[in-house]
Amino acid sequence: MKEIAGNTIISSLSAQFEAFEKQLNGQSKSAVHQVRKAAMAQLQTAGLPAARDEEYKFTNLTKALAKNIDFDQATPAFNLTPEAIKEVQVTGLDAYKLVFLNGKYSEELSDTISVEGLTVLPFQAALKDKQDVVEQYFGKKADLESDPFIAMNTAFSMNGVFIEVADKVVVDKPIVLYFVGDSSAAKLSYQIRNLVVAGKFAEATVIEKFDTIGDNESFTNVVNEFSVDHNANVRYFKIENDSDQAYHVSNTHASQEGSSTFTANTIALNGAMVRNNLNIRLDGEGCESHMNGLYVLKGKTHVDNHTVVDHVKPNSYSNELYKGIMDDKSRGVFNGKIFVRQDAQKTNAFQSNKNVLLSDNATINTKPQLEIWADDVKCSHGCTTGQLDQDALFYLQARGILKDKARAILLKAFASDVLENIDNKAIKDYLEAIITERLEA
Amino acid sequence: MLSIKNLQASVEEKEILRGINLEVKAGEVHAIMGPNGSGKSTLASVLAGKEDYEVTGGEIDFLGKDLLEFDADERAREGVFLAFQYPVEIPGVSTTNFMKTALNQIREHRGEKPLDAVSFLKRMKEKMKLVEIDQSLLSRSLNEGFSGGEKKRNEIFQMAMLEPKLAILDETDSGLDIDALRIVANGVNALKSKENATIVVTHYQRLLDYIVPDYVHVLYKGRIVKSGTKELALELEEKGYDWIKEEAEAQA
């Protein structure tokens, strides 16, 4: 057998997969399980990202996971108090709420949602109740060969949420998913698989929030698949403000049909190592995609955002703005790819990544990649990295504002155009409060 | 109020101020004039506490306190105000919010309560009139996309809001047309009182037609080489700086 990266992790996962299959009983013949088996086989053949893997060049997750996470261990018990669970929720957010504890759906803590034309089910339940829809969309957007963590996630797909919005249905409130982990007694590792299917002219907002409480290391691996039909408008938020010991990988794949809009807001504020892959395929004419990202990092936090925007058809628009503030020994990575296929004439695609480094030991690696095969397009990209503007700092100080406060004002102003793009007030206020507190500390 | 003794300062090892002596009393207006590169703006920046300049000697006493011991923000809270020659553009921060923060930090320093929203707005409105500046401008990002005149008016507006004891106007007339110049000067004059003092740094006499100085000092090669009354400014306007340079060179 060929030597693959992450051998020990994969042999642990292989054993777990066997045990997992035994519990499935009747379901092991299902179409979904055939996909899982293919995913496991893919993982066993291709392995995890190797140290030299171009896509994971700056983010050696394989090594970090091998060192910090115990893949043989069963998921520990969840012992956090209701208060602790409440603590991580966004105050003042009017939303349909689903709560997952160590990855498992909690019926008790989640809202019962009854909205005409909206189906929200734990993924496991959807495998039975919505088998046809799941089979139609599961594994179709997130190609398990494209990323080893998609393969890993797909093999064990069981927990997460299934959301279906029928044609022309406008969901009146956001759907918020709280993923709360308890790593206080032992190391924690769990995977989440979400599937969101929005029909024609449908509108919905999905918010994901990840929090782990406890001093032990944790690993979460998430895959989201969004299917956005004609003229639909889907907004997706990801808020990641995890513990210093949290390792987190997410793959979000969205596919858009004609005249649809998809907006992703990816906010990373803390963790040990975070990798967000965001892939959007504009598979129809007249689509709009917005990607906003903000990472405000300190300590040794490492956050890597890899985005891909794939313009397949003509007349679409995509706009990407990622901003980062790095302090202490933190590290940011940004890799933004834009593909404009030969058919995708009249594409407008914009990308911008701006960074501020606050310490000599902070790092940013940023790389825009444009591949354009069409000849009548407008594309631009730009990235900047700098330090805090000393003249601006002096200007504010010269008006009596304390240096630390002046610094915080300037950094908040720097982050503001990403925050301004967030149209949900509760979320915006929540993020602003965290960032203000962080910057003034 | 302000007593500068033998002030020396350099930037990147280059000596710019070579022994400045200046006494400014409450109620007075002093003009600092001089040819380009004489150290006028350096003096203004050093007084305001810009860290790029290294003070290598001398002392600055401001109302009995050693100003050199203070950071820029402490100086401002003690009552020193610098109207910038080139006001900095700061995207994402509105003048209104910025002023609210600054004013309340200064009030806190003086042991006063922060202004409530209504009183703050009232004060804003009052001071806006003074420099004929529009509310919409103040809601925009600080100085971003402002014209030269708007930037300078915004400086005087901020000065009016913060009511400093010592105002230093660094080349406030540069880039202004005659109307803007008059508006800015009117603002400065309206703020003058027996309790505060003003230092006007300028290359040209023009501004001094509107802001009439009690004393005029000529800075050359980092030293005050001549002091006089407002007539000195007129003489400079007429004869230029060459005779001052010659006089100074002859003495040296």
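How many helices and strands are there in chain A? Chain A of this predicted model has 10 helices and 19 strands, taken as DSSP runs (H or I, at least four residues, for helices; E, at least two, for strands) numbered from the N terminus. Local features need pLDDT of at least 70 and side-chain atom pairs pLDDT 80 or more, whereas totals for chains, interfaces and linings use all residues. Residues are numbered from 1 along each chain as its sequence is written, and chains are lettered from A in the order in which they are written.

The C-alpha trace of chain A spans about 75 × 55 × 50 Å along its principal axes. Of the 441 residues in chain A, 51% are buried (20 or more other C-beta atoms within 10 Å of the residue's own, C-beta atoms being placed from the backbone).

The axes of helices H1 (residues 7–24) and H2 (residues 31–46) of chain A come within 11 Å and cross at roughly 165°; axes are lines fitted to C-alpha atoms over the stretch in contact, with angles from 0 to 180 degrees between N-to-C directions. H1(A) and H2(A) are therefore roughly antiparallel (over 145 degrees). The contact is made by A:Ile10, A:Leu13, A:Ser14, A:Phe17 and A:Leu24 of H1(A) and by A:His33, A:Met40, A:Leu43 and A:Gln44 of H2(A), contact meaning C-beta atoms, placed from the backbone, within 7 Å.

The contact between the chains takes 16 residues from chain A and 20 residues from chain B. On chain B, helix H2 (72–78), strand E7 (90–94), helix H3 (95–109) and helix H6 (148–162) each supply at least two residues of the side that touches chain A.

Note on methods: Angles under 35 degrees count as roughly parallel, over 145 as roughly antiparallel, 65 to 115 as roughly perpendicular and the rest as oblique. Two residues are in contact if their C-beta atoms, placed from the backbone, lie within 7 Å. A residue is buried if 20 or more other C-beta atoms lie within 10 Å of its own, exposed if 12 or fewer, and partly exposed in between; C-beta atoms are placed from the backbone.
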